[in-house]
Structures are given as structure tokens and as C-alpha cells.
Amino acid sequence: MNNEFKLMLITNKPDVAEYADNIGVHRIFIDLEINGKVKRQGHLDTVISDHQLQDILPVKKSLQNAELLVRINPLFDGTQHEVDYAIESGADIIMLPMFKNAQEVNTVSQFINGRAKFIPLVETAGAAESLDDIVKVKGISELFIGLNDLHRDLGLNFMFEPLLNGVLEKMVSTITQAGLPFGFGGIANIGQGQLPAELILGEHIRLGSGSVILSRSFHNRSVTLQQFIDSKFEEEINKLSVCLDLMKHRTSIETEADKNKLHESICSILRGMNEKSF
């Protein structure tokens with residue numbers, strides 16, 4: 001198992017992908033998911049992707065070191081076509097979103113048929129409840145836990161609440177017992193974020209996570225290469241790498257203290273949300 005902590009960036013721009021690859025981003029993430037997303041998230045401040053299958057090959061050609069991850073649509077009549085097109089265009093990893101059971105995961109795994117890595121994205125209550133069966137599906141390379149949709153489907157109020165109430169830790173236990181790598185959520189700049197990014201990163205390390213998505217706030221919602229450069233993206237990557245190294249070398253007492261700080265911060269945010277609702 002590769003112990004390198006992987007940073008993932010969502011972009012369909014070849015020049016941005018090449019730039020990110022050169023400064024240490026491990027995975028470039030093309031996001032084809034659109035089916036059902038407007039209904040689910042259209043009223044929220046979340047990304048509704050405009051990425052296309054035709055974006056895959058130009059982005060793949062721009063990469064030297066980074067893997068290319070393609071998130072397809074939830075299982076539908078066109079899934080076999082999406083999987084085949086993505087792999088033939090150079091996708092190293094296929095990610096399946098919004099599934100609810102192991103049968104859906106198995107179907108897509110059979111479509112992939114070992115031609116690429118496979119990461120099911122656990123982001124529904126059904127998927128969380130079926131995790132014992134999902135981890136047994138042949139062909140899974142690792143799992144990623146999507147906190148954005150998951151916390152809503154669980155009826156929670158705050159995206160990082162699963163880190164407080166034991167939901168995430170229980171899921172992680174199931175995944176790690178199956179011997180599979182995992183990652184979860186997104187992260188903002190070190191020193192920023194409603195919930196301090198360094199505390200989230202510390203929890204990744206404590207739990208044994210191996211990957212995280214660089215959120216839009218990490219690069220100030222940049223789209224073009226110049227915007228990424230102006231956002232001091234490389235400097236922020238370096239800050240994150242330094243923080244990551246520090247987190248890996250904490251004592252057990254420091255690790256526990258950081259976990260308690262994280263829980264206190266989440267509780268404080270939830271109290272503030274409850275006060276606003278009255």
C-alpha cells in the first residue's frame with residue numbers, strides 16, 4: 001500500500017493540470033457527474049460540473065506524474081459507455097458517485113474489468129449502511145467518503161459532523177479492516193476555513209486517510225492558469241505539505257489533543273448554527 005498522502009485537484013484544463021502536476025498534486029480529477037446533481041445541489045453553493053468526456057484525453061496528455069481520476073455519473077443506461085470512453089481516453093481511476101448498495105458497485109467494477117483503478121464514492125446513507133458488503137466487492141482499489149452529500153443524506157446539519165458523531169470513524173474501521181485505502185472530504189488553506197484546515201488534516205492522519213480533495217477555497221475558486229498562479233497555489237501546496245509532515249510526527253498526546261480541538265470546533269459551529277435557526 002502506497003503511504004503517500006494524495007492531493008486531488010478538480011479541473012478539466014490541460015494547462016492547469018500540467019501546472020498542478022509539476023508542483024506536487026498527485027491526482028487530477030475530471031468530474032463528469034451531472035445526472036441528478038442540479039436537483040440535489042442546485043440551491044446550494046456547490047459545483048455543478050461542465051466537464052465533458054472529450055476533456056479526458058487532452059488532460060491526460062498534459063500529465064507526467066499525476067494520475068487522472070474521472071468521476072462518472074451515477075449508474076445509468078450510459079455507464080458502460082462512460083467507463084469505456086474514459087479508460088480508452090487515458091483515465092487511470094474511475095470514481096462512482098451516489099450509489100446505494102454493493103450491487104451497483106459490483107456492476108461498475110465488472111464494466112471496468114481491471115482496466116483502471118476503481119474508487120467508489122461513499123456519499124449516501126444507503127452506501128454507509130451497506131459498507132460491510134461494499135468492501136467485499138472485487139476490483140475496488142480504494143474508497144473515498146464524500147462528506148458533502150453524505151451529511152445531508154444522514155440528516156445532519158454540518159458537513160464535518162460525521163467526524164464528531166462517530167459515523168466517519170465507524171466507516172473507516174470497516175474499510176481498514178478490509179485492507180483498503182481511503183480518503184475523505186475536501187480541505188481549505190492551512191490557517192483558514194470555518195473549521196481550521198490543520199485540524200482536519202490532523203484527523204486525516206490520525207485515522208489513516210490517504211487522500212483529500214483541494215477545495216475551491218484552497219485556490220480561491222480559480223479556473224484559469226493565471227488565476228491559479230495569482231492565488232499563490234504553489235505556496236499553499238507547500239504550506240499544506242509542511243503541515244502534513246508536522247501532523248505525521250505528532251506524539252499520541254498531541255494527536256489526541258488535536259482530535260479534541262477538532263471536536264470542540266465542530267460543536268462550536270453547530271451551536272452557532274442552532275442559534276441562527278431561532
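## Strands E3 and E4

Strand E3 (residues 67–71) and E4 pair in the parallel sense over three bridges. Two strands count as paired if DSSP finds at least two bridges between them. Helices (H or I, at least four residues) and strands (E, at least two) are DSSP runs, numbered from the N terminus. Val70 has Ile94 in E4 as its bridge partner.

This is a predicted model: local features need pLDDT of at least 70, side-chain atom pairs count only at pLDDT 80 or more, and totals for chains, interfaces and linings use all residues. Residues are numbered from 1 along each chain as its sequence is written, and side-chain values use heavy atoms, with hydrogens and water left out.

## The sheet

The sheet is open and has nine strands. Its order is E7-E6-E5-E4-E3-E2-E1-E9-E8, with parallel pairing. Strand E7 (182–184) and strand E8 (186–187) are the edge strands, and each pairs on one side only.

Strand E4 (residues 93–96) runs parallel to E5, and four bridges join them. Met95 faces Ile119 of E5 across this pairing. E4, helix H5 (residues 102–112) and E5 build a right-handed β-α-β unit. Right-handed here means that, with the strands pointing away from the viewer, the path from the first strand over the helix to the second runs clockwise. E5 also runs parallel to strand E6 (residues 143–145), joined by two bridges. There Leu121 stands opposite Phe144. Strand E5 (residues 117–122) is mostly covered, with five of its six residues buried. Buried means under 20% relative accessible area, exposed over 50%, and partly exposed in between (1.4 Å probe, protein chains only).

In strand E2 (residues 27–31), five of five residues are buried. In a regular strand the side chains alternate between the two faces of the sheet. In E2, Arg27, Phe29 and Asp31 point one way, while Ile28 and Ile30 point the other way.

Strand E1 (residues 6–10) runs parallel to E2, with three bridges between them. Met8 has Arg27 as its bridge partner in E2. The chain passes from E1 through H1 to E2 in a right-handed β-α-β crossover. E2 also pairs with E3 in the parallel sense, over five bridges. Arg27 stands opposite Glu67 on that side.

## Nonpolar cores

A nonpolar core is a set of buried Ala, Val, Leu, Ile, Met, Phe, Trp, Tyr and Cys residues joined through side-chain atoms within 4.5 Å. The largest one has 77 residues. Those with the most contacts inside it include Leu9, Val70, Leu214 and Phe233. H12 gives the most to this core, with six residues. Another core lies apart from it, with nine residues, among them Ile93, Ile119, Phe144 and Ile213.

Leu214 touches residues including Leu7, Leu9, Val25, Ile187, Phe233 and Leu240, leaving out those up to four places away in sequence. Contact means heavy atoms within 4.5 Å.

## Aromatic pairs

The whole structure holds four aromatic pairs. One of them is Tyr19 with Phe233: tilted, 6.2 Å centre to centre, 40 degrees between the planes. Tyr19 lies in helix H1 (residues 14–22) and Phe233 in helix H12, so the pair ties together parts that are 214 residues apart in sequence. Rings of Phe, Tyr and Trp (its six-membered ring) pair if their centres lie within 6.5 Å; planes under 30 degrees apart count as stacked, over 60 as edge-to-face and the rest as tilted.

Tyr19 and Phe233 are both buried. Together with Phe218 and Phe228, they form one aromatic cluster.

## Cysteines

How many disulfides does a search of the whole structure find? The search finds zero. The criterion is a pair of cysteine sulfur atoms within 2.5 Å.

Cys243 is in helix H12 (residues 233–248). Cys243 is buried, at 10% relative accessibility. Cys267 is partly exposed, at 29%. Beyond its neighbours within four places in sequence, Cys243 contacts Ile190, Glu198 and Leu201.

## Positive phi

Met98 is not a glycine, yet its phi is positive, about 55 degrees. Met98 sits in the loop between E4 and H5 and is buried at 14% relative accessibility. Lys232 is also not a glycine and has a positive phi of about 60 degrees. Lys232 is in the loop between helix H11 (225–230) and H12.
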